[in-house]
Amino acid sequence: MPLRTHKIALDPNNTQRRWFTQQCGYARFAYNQALADFKTEKDKGNFLSATELNNRFNVAKKGIAWTQDMDQVVANKSIFVNLASAITNWRKKRARFPRFKKRGKRDSFTTNNQSVEVDGSRIKLPKIGWIRMFESLRFVGKIIKVTISRTAHRWFVSITVDTEDIIAVDISTHPVIGIDVGINTLATCSDGTQYDNPRPLKRYERKLKRAQRRLSKRKSKSNNWYKQLHKVQRIHYRIACIRADNHHKVSTDIVNRVSAIGIETLKITNMLKNKKLAKALSDSALGNFLTILKTKSEARGIPIVEADQFYASSKTCSSCNYKKKNLTLSERTYQCSACSISIDRDVNAARNLRNVAVGHTETQNACGVQRRPQSEARETEARKAVWQQQLLPI
């Protein structure tokens, strides 16, 4: 039974917005209170469990009157789920030590899923009642988790549902393609299809710079400062929406017409070290696009083959496997000196990734170890000689 999450925009009134803000504050208060207790005891050599932290918070909140009107499940989820997972990640050295939460940053809370009801474009939450949604729940099944979050001026609900098994789609007649991602063109397929990259940050950069300059001139934490801050947040939200909309449309169009996909392995962290390309790479969000593509492909049962990190898909000729030693970024057309083929650089890389997907090009040995030839020059000459022999008349 797969778990699926549907994030839906809410349409609350002023009373409901105020209630959401209070619950976010209560979740943040419980998280920070429990984290302070854990940090104090840790300095003494004692490591408290999530149950002990929750019991301490229950005793401390009795002296605070405003906490009695809040949803108590919100505090329990904040300690047992959020703080407990943060501490576990720190102890297993997967993340650094948890930090205290600040107001207005990633505001969210998780409520009791057993008391939640969904009726068409409405959802019923504990203590607040029915709230309108902009669309109906897409999945059918048992509700496992309900989280309310805020992004800029919009409120969203993320509903995780234990759905039934999805009927498999026949993809046997669909082709295998390779996808080369980039900055100017988001995705170039091996069949020649190209998807443009809207680059929303570049489009709104001047407007964002102007809004941030006005924010810097406001007195910090004043009413005018908060008003201008909300304007800046709305611009960032607009940029994120344009980028996400394009990623979802492109990924959906790709997975609906393929049977297997070959992609390259990208180290985004290393790529961002290039100061000349860092802003453009961040604006493109190539890592997020590949993540969405993998998720949708997995849901439809489409295999994704990732080429080796050191596989030179752009430098290798897709026709004769001749490998160029030097290939600058300014060269947008691949000219092969062995077979004299002239092809678009991105299409050539996509075709090489398609060959990887169908198994025509091996980028790893039988043991799964990365294959690094001892002499690339010797290998290139051998491939060139084989290609010239094939051109000789019989």
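**Pockets, helix and cysteines**

Guide: By class, the lining of the largest pocket comes to 12 nonpolar, 10 polar and 14 charged residues. Bear in mind that this is a predicted model.

Visitor: Which helix gives the most to the lining of the largest pocket?

Guide: The pocket has a volume of about 1600 Å³, and 36 residues line it. H1, helix H3 (72-91), strand E6 (141-151) and H5 each supply at least two residues of that lining. The element that gives the most, with 7 residues, is H1.

Visitor: Which residues lie nearest the centre of the largest pocket?

Guide: The lining of this pocket includes 14 charged residues. Of the 36 lining residues, those nearest the centre are Lys102, Gly104, Lys105, Arg106 and Asp107.

Visitor: How many charged residues are in the lining of the largest cavity?

Guide: The whole structure has 3 cavities of 30 Å³ or more, and the largest holds about 60 Å³ of space. Its lining consists of Cys24, Ala27, Arg28, Lys101, Lys102, Lys105, Arg106, Asp107 and Ser108. H1 gives the most to this lining, with 3 residues. By class there are 2 nonpolar residues and 1 polar, and the number of charged residues is 6.

Visitor: What span does helix H1 reach from its first C-alpha to its last?

Guide: H1 covers residues 14-43, which is 30 residues. At 1.5 Å a residue the expected span is 44 Å. The model comes close to that expected value, with a reach of 44 Å.

Visitor: At the start of H1, which residue has the backbone nitrogen that a side-chain oxygen of Asn13 reaches?

Guide: H1 comprises residues 14-43. At its start, a side-chain oxygen of Asn13 comes to within 3.2 Å of a backbone nitrogen, that of Thr15.

Visitor: Which residue with a positive phi follows H1?

Guide: Most residues other than glycine have a negative phi. The residue that follows H1 is a glycine, and its phi is near 95°. That residue is Gly45.

Visitor: Is Lys221, with its positive phi, buried or exposed?

Guide: The phi of Lys221 is near 70°, although the residue is not a glycine. Lys221 sits in the loop between helix H4 (200-216) and helix H5 (223-255).

Visitor: How many disulfides does the structure hold?

Guide: A disulfide needs two cysteine sulfur atoms within 2.5 Å. The sulfur of Cys336 is 3.5 Å from the closest cysteine sulfur, in Cys339, and is therefore too far for a bond. The number of disulfides in the structure is 0.

Visitor: Which cysteine has the sulfur nearest to that of Cys317?

Guide: Cys317 is in no disulfide. Cys317 is buried, with a relative accessible area of 0%, and Cys336 is buried too, at 5%. The cysteine sulfur nearest to Cys317 is 3.7 Å away and belongs to Cys339.

Key. Residues numbered from 1 in each chain as written. Predicted model: local features only at pLDDT ≥ 70, side-chain atom pairs only at ≥ 80, totals over all residues. Heavy atoms only, no water. Helix = DSSP H or I, 4+ residues; strand = E, 2+ residues; numbered from the N terminus. Expected span 1.5 Å × (residues − 1). Polar contact = N/O pair within 3.5 Å; in protein donor to acceptor, adjacent residues only side chain to side chain. 1 Å grid on protein atoms, 1.4 Å probe; cavity = no way out; pocket = protein on both sides within 12 Å on 5 of 7 lines; lining within 4 Å. Points joined across faces, edges and corners; volume = space filled by probe spheres on them. Nonpolar A, V, L, I, M, F, W, Y, C, P; charged D, E, K, R; others polar. Buried < 20%, exposed > 50% of the residue type's maximum accessible area, 1.4 Å probe, protein only.
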